[in-house]
Amino acid sequence: MKNVIETEGLRKEFKAYSSREGLGGAFRDLFTRNYKVIRAVDDLSFSIKQGEMVGYIGENGAGKSTSIKMLTGILNPTSGTVRVNGMDPHRQREKFVSSIGVVFGQRSQLWWDIAVQESFRLLKKVYKVSDEDYKNHMEHVIESLDIGPLLDKPVRKLSLGQRMRCELAAALIHNPPLLFLDEPTIGLDVLVKLKIRQFLKEMNEKYKTTILLTTHDLSDIEALCERVIMLDQGKIIYDGALAHLRQDFGEGKKIEFQFGEPVDETSLKHLSEELEVFWQQNNANSWTALLTAQEAGMSELIGRVVGAKKVLDMSIHEVSTEEIIRQIYEKGYQPEKRILT
Ligand SMILES: Nc1ncnc2c1ncn2[C@@H]1O[C@H](COP(=O)(O)OP(=O)(O)OP(=O)(O)O)[C@@H](O)[C@H]1O
């Protein structure tokens, strides 16, 4: 499969101006401004192949939006190269936009006061989609997203979930090979989320549509993406399979013990010798064991603890992907050190 997105040493710097205090300061600001340079995106190099669905994640301010703006041609990079669908998104902007679809959860590309289908008709003209292609493709999209009954309503009368489904359909009118989705399920209820995920899977299977998905909702990523790219302070800190992350950190289980009396860490460590276990205290009588090793270790640990301590209650949990990712942000990606501490 060919690369749809390729970036090499991609960087974006912003100048952040600060104002001096008082009238004199404002006057001096007229002639020279104080500023510092913020490197929002720092040396990004990655490529995405046709048909991949990639989760693009990071905490607030990590550089996701800035890099997506460069990938979609809205911003020009400070340095480095970016090629998307074989084009330079910023320089070849006009030709480029018809090769991508974009959905920003917070912003609308539909016209607020006109009926949804009027917006669709306008977009069809803008993208020069033939009647035949429109019919073949959009009938299916409208049905899959269940938006038929909404088409004659003005956008302002739609609920958020209804609007998002229409936004998605609008982004696909020209059936682009590449789709950028920024928080497409933010604020939506579970059923709408499921419908949208199902639909994206279908598009990906049917047309090999490449999808770059930015979201803070990891369940979207788990449902759709085999690969994640994780950003921190403008740099990639992880690029690889989601399953791999889980293997390295997440196949571990958590066991929460409620003891009948206060228990100290030394005695717990002693009990869990040779097993890969980290202990976290919840309160004087309660500890959680994090196991990074496999099942056998778990039954062995439970046996040892129950045999030696007065256990009132016990519960076993999976370590969630969310937890794994939070740990990576806090402690860095260090698989060899098992970061679940
Ligand atoms: N136009 C701008 N001028 C100055 N600084 C900016 C500008 N746009 C973004 N930044 C800064 O660049 C950094 C990266 O911002 P960006 O919006 O790309 O992050 P993000 O990962 O998309 O965050 P979020 O999840 O909050 O949307 C932040 O420190 C931000 O304050």
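Which residue in S6 does isoleucine 100 stand opposite? It is leucine 178, and the views below start from the whole chain and work towards pairs like this one. This is a predicted model, where local features need pLDDT of at least 70, side-chain atom pairs count only at pLDDT 80 or more, and totals for chains, interfaces and linings use all residues. Residues are numbered from 1 along each chain as its sequence is written.

View 1. The chain splits into domain 1 (3-241) and domain 2 (253-318), with bounds that come from an automatic or database domain assignment. Taken over C-alpha atoms, their centres are 45 Å apart. The C-alpha trace spans about 75 × 60 × 40 Å along its principal axes. There are 12 helices and 13 strands to find your way around; helices (H or I, at least four residues) and strands (E, at least two) are DSSP runs, numbered from the N terminus. Of the 341 residues, 31% count as buried, a label that takes 20 or more other C-beta atoms within 10 Å of a residue's own, with exposed meaning 12 or fewer, partly exposed in between, and C-beta atoms placed from the backbone.

**View 2. The open sheet of six strands.** Reading across, the order is S5-S6-S7-S3-S8-S9, with mixed pairing; two strands pair if DSSP finds at least two bridges between them. S5 (100-104) and S9 (235-241) sit at the edges with a single partner strand each, so one side of each has no neighbour in the sheet. From one strand to the next, the twist averages 15°. Five bridges tie S5 to S6 in the parallel sense. Further in, S3 (residues 53-58) and S7 (residues 210-214) are also parallel, over four bridges, and methionine 53 faces isoleucine 211 in S7.

View 3. H2 (residues 64-71) lies across S3, S6 (178-182), S7 and S8 (227-232), at about 155° to S6; axes are lines fitted to C-alpha atoms, for helices over the stretch in contact, and angles run from 0 to 180 degrees between N-to-C directions. Around the ligand you'll find, among others, Phe14, Ile38, Asn60, Lys64, Ser65 and Thr66, where a residue counts if its C-beta atom, placed from the backbone, lies within 6 Å. S1 (3-18), S2 (34-49) and H2 each give two or more residues to this shell, and H2 gives the most, with three.

**View 4. Glycine 80 in strand S4.** Glycine 80 belongs to S4 (residues 79-84). It is partly exposed, because 17 other C-beta atoms lie within 10 Å. Beyond its neighbours within four places in sequence, glycine 80 is in contact with Thr7, Glu8, Gly9, Leu10 and Arg11; contact means that the C-beta atoms, placed from the backbone, lie within 7 Å. Threonine 288 is 208 residues away along the chain, and 46 Å separate the two C-alpha atoms.

**View 5. The open sheet of four strands.** Here the order is S11-S12-S10-S13, with antiparallel pairing. S11 (277-283) and S13 (311-318) are the edge strands, each pairing on one side only. Neighbouring strands are turned by 20° against each other on average, direction ignored. S11 and S12 (residues 286-291) run antiparallel, joined by six bridges. Zoom in on tryptophan 279 and you'll see its bridge partner in S12, alanine 289.

Notes. Two residues are in contact if their C-beta atoms, placed from the backbone, lie within 7 Å.
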